[in-house]
Amino acid sequence: MTGALAGLVVVDLSQYIAGPYATMLMADAGATVIKVEPPRGDATRMLEPQVPRADGDGTVSAFYLRMNRGKRSVALDLKTDDGRDALAGLLASADVLVENYRAGVLDGLGFGAEELRALNPRLVYCSVSGFGHTPSPQRDRPSYNTVAEYETGVWHPGGPGGLPGPVGPPVGDMVPALHALAGLLMALYRRSVTGEGAHVDIAMHDSMLSLNELRSSTAVFTGSDRHPDGREHFCPYGVFAVRDGHISLDVTTDRQWRGFCAAIGHPGLTDQDGMDTGPRRAARYDEHIRGPLEHWLAERTRDEAAARFIAHGVPIAVLRTSREALLSAQAAARGMRLSVGEGPAVGSCEAPGDGVTVTVPGSPVRIGALRAPAADAPTAPPGCGTAPPLGADTRTVLTRYAGLDPDAVDRLCAAAGAAEGAQQCR
C-alpha cells in the first residue's frame with residue numbers, strides 16, 4: 001500500500017528531537033520531507049557518538065541518523081537574502097512547515113504568520129517551542145526536554161546522588177513531537193474541508209502538563225502532592241526479584257488474582273477471608289502473600305516466571321534493558337528494528353552501502369487494508385534506511401520545489417561552500 005502521506009511536501013526547519021521526530025514519522029508514512037539546514041548542518045550532526053560515513057570520508061553523528069531517516073537535505077543560509085528567497089519558494093509550494101525555534105525567531109527572519117499566509121494560504125505551519133507562541137509569562141524562554149519535564153512535575157524523585165532526576169527517555173521532546181504530529185494531521189483534515197491553512201502551536205510545557213494529567217489533577221483535587229501508590233489499590237503489584245533479574249506484576253481483577261494463585265501453586269489463597277479486593281489483599285500482603293510469592297520467584301528465571309504467569313492470564317512484564325528490547329524477537333516480528341546509515345540523495349530508501357549503520361526503532365504506525373492480516377505475513381519495517389548527507393538534495397529540491405533557475409542555485413551553492421566548515425550543495 002502506498003504511504004498514507006505520499007504526495008505531501010513538508011519543509012522541516014527543526015533540529016534535535018521535538019520537531020525532527022514528528023517529521024521523521026511523516027517521512028516514514030511517505031511524505032516528502034525537505035530538511036532545511038544551515039551551511040554547517042543541523043547541530044546534531046556534530047553530536048557523539050560519530051560513525052564512519054559510507055563513502056569513507058569522515059564521520060556522521062548516530063544521533064542525526066536516528067532522527068532524520070528518509071528526509072532530503074537542503075543547505076541554506078537564512079541570514080542571506082538568497083537563502084530566504086529560496087525558503088520562500090519552497091514554502092510557496094509546500095503543504096507543511098515545521099520549526100522548533102523560540103517564539104519570534106521565524107518572524108525575525110521574515111516568515112511570520114502574515115508573511116506565511118501571503119506566501120501560501122493553504123500552508124499548515126507547526127511551531128514547537130518551550131512555552132508556546134501566544135502571550136504567556138514564560139513565552140520567550142529557551143527550552144530543552146528537561147525544562148519542560150521539571151517545570152511540569154515530570155521527574156524521578158531519586159536520581160543520581162539522591163537528587164531528583166529525569167524519568168528516563170526524553171519525554172519532554174518526544175511527547176510534544178507526537179502532539180505536533182497529531183495537530184498537523186488535524187489541521188490537514190480541516191484544510192481538506194475548508195481549503196484553509198493553519199498554525200499548530202505546540203508548547204512543550206503544555207504537552208508535559210497533558211502527559212502528567214493524572215498526578216497533577218489528583219494533586220489539585222486532594223490538595224496534596226503525594227500520589228497514591230498502586231500497591232495500595234492492587235495486589236500483588238510492583239517489581240519483584242527473580243533469579244536473573246526482575247519482573248513486574250499488576251494483578252487487578254478477580255480472574256487475574258485466581259490465575260496468580262494458581263500460577264504460584266497456592267490456589268487456596270483465593271479462599272482466605274479478606275482477599276477478595278486489591279486493597280484488602282494489599283493490607284494482608286506481608287502476612288499471606290509475600291512468603292509464597294518470593295519463594296516461588298527465587299527458583300525461577302525471568303522467562304520461566306513470565307511464561308507461567310502468561311499461561312494463567314496474569315499481566316506481567318520482564319524488566320529488560322533498552323538493548324534487549326530493541327534486539328528482541330517481538331521487535332523483529334513487528335518490523336520495529338531498522339538499520340539506518342547515511343545514504344543516497346533525494347530521499348532514497350536504498351540500502352546505506354558499506355558504511356556503519358545505527359540500529360533504531362522503526363515507525364510504530366501500521367496502516368493497511370481493512371482485512372485480517374495473513375498469519376504468516378511478515379511485517380515490513382516502514383521508513384527509509386538512510387539519512388541524507390548535508391546538502392545532498394539542494395539542487396534537485398530547489399529546482400523542483402522552489403522553482404529556482406540553475407544560476408540562482410549556483411549562487412546559493414557558492415555561498416554555502418564559502419561558509420566555514422560547510423559542504424558544497426550537490
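Select strand S12 (residues 337-342) and S14: two bridges join these strands, which run parallel. Helices (H or I, at least four residues) and strands (E, at least two) are DSSP runs, numbered from the N terminus. Two strands count as paired if DSSP finds at least two bridges between them. Pick Gly341 next, and opposite it stands Thr386 in S14. Now widen the selection to the open sheet of three strands, whose order is S13-S12-S14 and whose pairing is mixed. Its edge strands, each pairing on one side only, are strand S13 (358-361) and strand S14 (386-387).

The model is predicted: local features need pLDDT of at least 70 and side-chain atom pairs count only at pLDDT 80 or more, while totals for chains, interfaces and linings use all residues. Residues are numbered from 1 along each chain as its sequence is written, and side-chain values use heavy atoms, with hydrogens and water left out.

**The cores**

A nonpolar core is a set of buried Ala, Val, Leu, Ile, Met, Phe, Trp, Tyr and Cys residues joined through side-chain atoms within 4.5 Å. Buried means under 20% relative accessible area, exposed over 50%, and partly exposed in between (1.4 Å probe, protein chains only).

Select Leu8, Val10, Met26, Val96 and Cys126: of the 35 residues in the largest nonpolar core, these touch the most other members. Elements that give two or more residues to this core include helix H1 (20-28), strand S7 (124-129) and helix H7 (171-194). H7 supplies the largest share, eight residues. A second, separate core has 29 residues, among them Ala86, Phe111, Leu404 and Leu412.

Return to Leu8. Leaving aside neighbours within four places in sequence, Leu8 is in contact (heavy atoms within 4.5 Å) with Met26, Ala31, Thr32, Asp95, Val96, Leu188 and Arg191. Cys126 has a relative accessibility of 0% and counts as buried.

**Aromatic rings**

Rings of Phe, Tyr and Trp (its six-membered ring) pair if their centres lie within 6.5 Å; planes under 30 degrees apart count as stacked, over 60 as edge-to-face and the rest as tilted. The whole structure holds five such aromatic pairs.

Show Tyr16 and Tyr144, an edge-to-face pair at 6.0 Å centre to centre, with 75° between the planes. This pair links distant parts of the chain, 128 residues apart: Tyr16 is in the loop between strand S1 (9-12) and H1, and Tyr144 in the loop between S7 and helix H6 (145-151). Tyr16 is partly exposed at 33% relative accessible area, whereas Tyr144 is exposed at 52%.

Then show Trp257 and Phe260, a stacked pair with 5.8 Å between centres and 20° between the planes. Both lie in helix H10 (residues 254-263), three residues apart, about one turn of the helix. Trp257 is buried at 1% relative accessibility, and Phe260 is buried at 0%.

**Charges over rings**

A charge sits over a ring if NZ of Lys or CZ of Arg is within 6 Å of the ring centre and within 35 degrees of the ring normal. Select Arg45, whose charged end sits over the ring of Tyr64, 3.8 Å from its centre. Next, Arg66 lies over the face of Phe63, 4.8 Å from the ring centre.

**Cysteines**

Finish at Cys235, which is buried at 3% relative accessible area. Counting as disulfides the pairs of cysteine sulfur atoms within 2.5 Å, the total is zero.
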